[in-house]
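Please consult the sequence and the structure shown below.

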Amino acid sequence: MTDAGKNAPQSMRRRYRSAMMWVNALCVALTFLLCTVLYRQICARRVDSYLQSIGCAVTAGFDGDAAALPARLPQNQPLRFTLIAQDGTVLYDNVSQQLPNHADRPEFKDALQNGTGTATRTSATLGRESRYFALRLDTPNGVQVLRVGQDVANIWGISLNSLPLIGLALLLILAGAAIISRALTLRLVRPITRMAENLDTIEANVPYEELIPLARTVQSDRKLREGNETMRREFTANVSHELKTPLTSISGYAELIESGMAKPEDIPMFGARIHKEALRMIALVSDILQLSELDSNQAAHPNEQPVEMQPVDLAALVKETAQAMTVNARRAYITLQYDAKPATVRGSRDLLGELATNLCDNAIRYNQPGGHVELRCGTGADGCPYLIVEDNGIGIPQDSQGRVFERFYRVDKSRSKATGGTGLGLAIVKHIALLHDARIDLQSQVGTGTTIRVTFPKM
Ligand code: ADP
């Protein structure tokens with residue numbers, strides 16, 4: 001068998017049907033067994049009462065004279081009569097002349113003690129057994145026991161006799177059960193097949209409660225896929241749009257220079273603009289690459305850490321970031337300070353550096369000359385390390401605060417572009433935080449400033 005064959009799904013209908021047939025066959029066999037046992041018990045009771053009535057009839061008025069017994073016995077009856085004295089000596093037997101002492105026979109002992117006694121013993125004939133009924137007789141000649149015996153079919157005999165009939169009944173029952181199982185299986189499976197036909201409304205049309213978790217998973221998976229697909233489409237459209245604008249400018253300036261329409265004294269200015277637009281494209285492409293790398297890492301290993309995690313000294317990272325951003329801050333007339341208290345985070349140093357840089361860069365860019373930016377880090381009272389970037393810049397309007405982490409969302413597009421923003425900085429921050437199981441809290445007021453706090457899980 002090939003691997004594919006081994007893993008091929010079984011037919012639910014066939015499985016269910018064969019299980020039902022097994023149960024049916026088992027039920028029929030058990031019923032047959034139970035009926036036979038009950039039937040045998042009823043037969044035994046009837047045989048006992050028959051033997052008792054014969055015994056009573058034979059011994060009515062009997063005086064204990066063994067020689068007089070044969071004349072009292074019914075003729076042409078396949079019955080065995082034994083007259084036994086109180087000490088077990090066989091006084092008379094209509095089948096065998098020479099019989100040993102019967103004192104140890106259970107039916108004899110019972111009859112002596114209780115008046116009557118019964119016993120069953122294997123018969124010489126296959127499929128049959130001997131049933132004995134013993135009756136205590138208090139005769140003028142002393143206490144005696146008359147035992148009447150009859151060969152009857154035993155349990156095998158009963159079953160074997162009726163085997164053809166039972167076999168036929170069994171076949172008929174199983175055939176009927178097969179037809180019913182088939183119909184039931186079809187009825188059971190049909191709603192499931194129908195459910196799979198219409199995946200859009202799968203959760204509303206679940207036929208069995210056991211399938212609710214499956215339907216839920218399918219539905220949420222579909223929603224997720226659709227959401228991802230929409231996001232992907234929007235992202236592609238946004239990227240194309242973002243790339244097209246600088247490319248159009250570059251192409252326009254280049255054309256002016258190429259056609260000689262640009263005055264020689266303007267050429268350095270056009271060159272500078274081409275350079276600026278090219279830099280913007282480079283920034284955009286590198287942000288897109290970074291995001292797609294984070295995305296594909298997460299898609300490839302959804303349940304494991306996609307990047308190598310190691311202890312990162314957050315205080316050192318804050319110092320480094322602040323020093324690296326000092327030039328940018330000065331250029332924008334912003335004072336940049338930091339307060340780095342000891343804190344260690346488990347994570348990727350490069351990604352955490354990127355996160356701090358993006359937040360610090362925004363705090364500088366969305367600020368006024370003379371503004372102030374502060375980077376802080378430390379360990380909270382609950383033991384969780386944190387990183388805070390605070391500015392007293394332009395702030396984010398309340399209704400945009402929930403959206404700034406979306407890709408390409410900007411509050412003021414022209415300001416973002418003028419300061420070299422790509423619209424992806426906070427999306428990257430969100431992604432990196434997610435990768436580190438960190439929480440982001442944003443507090444902002446227009447005109448007052450913005451504080452973004454990233455809280456990491458305890459080490
Ligand atoms: P961008 O490249 O445009 O800065 P981001 O994803 O980094 O993109 O930020 C999205 C938007 O959020 C920005 O365009 C800006 O409007 C707003 N924003 C981000 N940080 C700040 C901040 N510190 N102060 C005010 N607005 C901010």
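An automatic or database domain assignment divides the chain into domain 1 (61-153), domain 2 (213-300) and domain 3 (310-455). The C-alpha centres of domain 1 and domain 2 are 112 Å apart. The model is predicted: local features need pLDDT of at least 70 and side-chain atom pairs count only at pLDDT 80 or more, while totals for chains, interfaces and linings use all residues. Residues are numbered from 1 along each chain as its sequence is written, and side-chain values use heavy atoms, with hydrogens and water left out.

Around the ligand there are 20 residues, of which Arg365, Tyr366, Ser416, Gly423 and Leu426 come nearest (near means a heavy atom within 4 Å). This shell comprises eight nonpolar, eight polar and four charged residues, with Gly counted as polar. Both α10 (349-365) and α12 (425-435) supply at least two shell residues, and α10 gives the most, namely three; helices are DSSP runs (H or I, at least four residues), numbered from the N terminus.

| Residue | Part | Distance to a ligand oxygen atom |
|---|---|---|
| Asn362 | side chain | 2.8 Å |
| Thr422 | backbone | 2.8 Å |
| Gly425 | backbone | 3.3 Å |

Taken alone, the ligand exposes 530 Å², and the protein buries 98% of that (Shrake-Rupley method, 1.4 Å probe).

Methods:
A polar contact is a pair of N or O atoms within 3.5 Å; within protein, one must be able to donate a hydrogen and the other to accept it, and residues adjacent in sequence count only if both atoms are side-chain atoms.
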